[in-house]
Amino acid sequence: ANDDFKDFLIASHGVQQDENWNSDDTARFGSLSKRHKLLLVKYSEYEWFNVLTCGLTWCHKCKGGQVGRRSCADCDPKGKLEHAIETLERMRAAALHFACDEGWSNEIGLYLNVYPHCSVNSFHLHIVDLECKGPSLNALAWRNLSLDAAQDALKQELGELQREKTRRA
């Protein structure tokens, strides 16, 4: 096993969902594709509950350290955001490595669900072979945030944090 992927697990979406991947009757419950897996994160810290909380910093001394607040020596908002961005990139690499090893197509969709618009209450990445997508992919598109969009948002937040620090200097 690749040591870069030690923080992740691959899981099935569910037997019933996988069996009903192409059924219109179960569009709300079927897998997004004939080939659909979840990449789970082994982190237990609260900021890894959901993509909205990735990169958050909370320090009891400085009451946060978020953008617009001064942080103390005990918290590192820049480091937390950089870690979140790097983790999402490693998740992408692990997901694509898995899809390649399994012989999936090169057309892979990588999606996150934002709480509360999720059926699994833990941080996970949907790995979807778009070459054999099912009706659920379109039916549930409203709750699928692309991994690219999530990374872009974290990078934008990091840029704002750096601009704020420059303004204060």
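This is a predicted model: local features need pLDDT of at least 70, side-chain atom pairs count only at pLDDT 80 or more; totals for chains, interfaces and linings use all residues.

Biologist: In which order do the strands of the open sheet lie, and what is the pairing?

Modeller: Strands of a sheet pair through backbone hydrogen bonds, either parallel or antiparallel. Here 5 strands form an open sheet in the order E1-E2-E4-E3-E5, and the pairing is antiparallel. Strand E1 (8-12) and strand E5 (144-146) stand at the edges, and because each has a single partner strand, one side of each is left without a neighbour in the sheet. On average, neighbouring strands of this sheet are turned by 35° against each other, direction ignored.

Biologist: Which residues are bridge partners where E2 meets E4?

Modeller: Strand E2 (residues 36-41) pairs with strand E4 (residues 124-129) in the antiparallel sense over 5 bridges; His-36 has Val-128 as its bridge partner in E4, while Lys-37 stands opposite Ile-127 in E4. E1 and E2 also run antiparallel and are joined by 5 bridges, including the one in which Ala-11 is partnered by Leu-38 of E2.

Biologist: Which strands does helix H4 lie across?

Modeller: Helix H4 (residues 147-168) lies across strand E3 (108-113), E4 and E5, and runs at about 65° to E5.

Biologist: How many disulfides does the structure hold, and is Cys-100 buried or exposed?

Modeller: A disulfide is a covalent bond between the sulfur atoms of two cysteines. The structure holds 0 disulfides. Cys-100 has 60% relative accessibility and therefore counts as exposed, the cut-off being over 50%, whereas Cys-132, at 13%, counts as buried because that value is under 20%.

How values were computed
Residues are numbered from 1 along each chain as its sequence is written. Side-chain values use heavy atoms; hydrogens and water are left out. A disulfide is a pair of cysteine sulfur atoms within 2.5 Å. Buried means under 20% relative accessible area, exposed over 50%, partly exposed in between (1.4 Å probe, protein chains only). Two strands pair if DSSP finds at least two bridges between them. Helices (H or I, at least four residues) and strands (E, at least two) are DSSP runs, numbered from the N terminus. Axes are lines fitted to C-alpha atoms, for helices over the stretch in contact, and angles run from 0 to 180 degrees between N-to-C directions. Contact means heavy atoms within 4.5 Å.
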